[in-house]
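Thanks for coming. I have one structure to go through today, and I will keep it short.

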Amino acid sequence: MSKKDNFKETIKIIKFFKEDPLILIFHIFVGFLCSALVIVSSYFVGETINLATTSINLNTKEFLKILYASLIIISLYTTYWLLNTKLLIWTIKLSYRSGSRIRYAIFTKLLNIPISYIDKSKLGELMSRTTNDVDMMIANMVQVVFGFFTSPIIIFSILVTNFIISPLLSVVAL
């Protein structure tokens, strides 16, 4: 399959999501938010480790800073987990709604095929194509849609973080 055919097939799949644009927008927004949470959490982990390792005499003030930073890290990762779980639930709902639309499209196609084709083919073959194949497609769609929106956001976030940390090293790495 050529890249042009892959693009056409991707556009066909995206058209099944057109009735849920709000969920797609929230998906992108929450994806950016999750990436930001991971970046900020990583920063706090580094600062906490630096504070803990550079403190020779750990007094109460430094201990409270480490404890406070640890609580922030735990709350950031918990928020990330909750948002990521909500994102996955939205993706599953979106996939099942799209699967219903795909089933309806297949059903309307089956209504228009000639009776002679139905007489020639096995009933189990038609049932398998309309149920099992669509169910497999829905199950795979959850992973594809989740990755389709999440992967570019993660790559973009990593690039931005790298350029913030060391622009020269980022340019050399690219």
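This is a predicted model: local features need pLDDT of at least 70, side-chain atom pairs count only at pLDDT 80 or more; totals for chains, interfaces and linings use all residues.

Start with helix α2, which runs over residues 21-54. The helix has 34 residues, and from its first C-alpha to its last it reaches 50 Å. That is close to the 50 Å expected at 1.5 Å a residue.

Which residues of α2 are buried? Ile23, Leu24, His27, Val30, Gly31, Cys34, Ser35, Leu37, Ser41 and Thr48.

Leaving out residues up to four places away in sequence, Ser41 touches Ile73, Leu76 and Tyr77.

Now helix α3, residues 60-112. Trp81 sits in this helix. Is Trp81 buried or exposed? Exposed, because its relative accessible area is 53% and the cut-off is over 50%. Between the C-alpha atoms of Trp81 and Leu37 there are 9.9 Å, with the two residues 44 apart along the chain.

Leu64 is also found in α3. Leu64 comes out as partly exposed, because its relative accessibility is 49%. On the surface, Leu64 belongs to a nonpolar patch together with Leu58, Phe63, Leu67, Leu71 and Ile74. The accessible area of that patch is about 590 Å² in total.

That is what I have; questions are welcome.

Terms used
Residues are numbered from 1 along each chain as its sequence is written. Side-chain values use heavy atoms; hydrogens and water are left out. Helices (H or I, at least four residues) and strands (E, at least two) are DSSP runs, numbered from the N terminus. The expected span of a helix is 1.5 Å times one less than its number of residues. Buried means under 20% relative accessible area, exposed over 50%, partly exposed in between (1.4 Å probe, protein chains only). Patches are made of residues with over 30% relative accessible area and no salt bridge: like charges are joined within 9 Å, nonpolar side chains (Val, Leu, Ile, Met, Phe, Trp, Tyr) within 5 Å. Accessible areas come from the Shrake-Rupley method with a 1.4 Å probe; for residues, only the protein chains shown count as cover. A salt bridge is a side-chain nitrogen of Lys or Arg within 4 Å of a carboxyl oxygen of Asp or Glu. Contact means heavy atoms within 4.5 Å.
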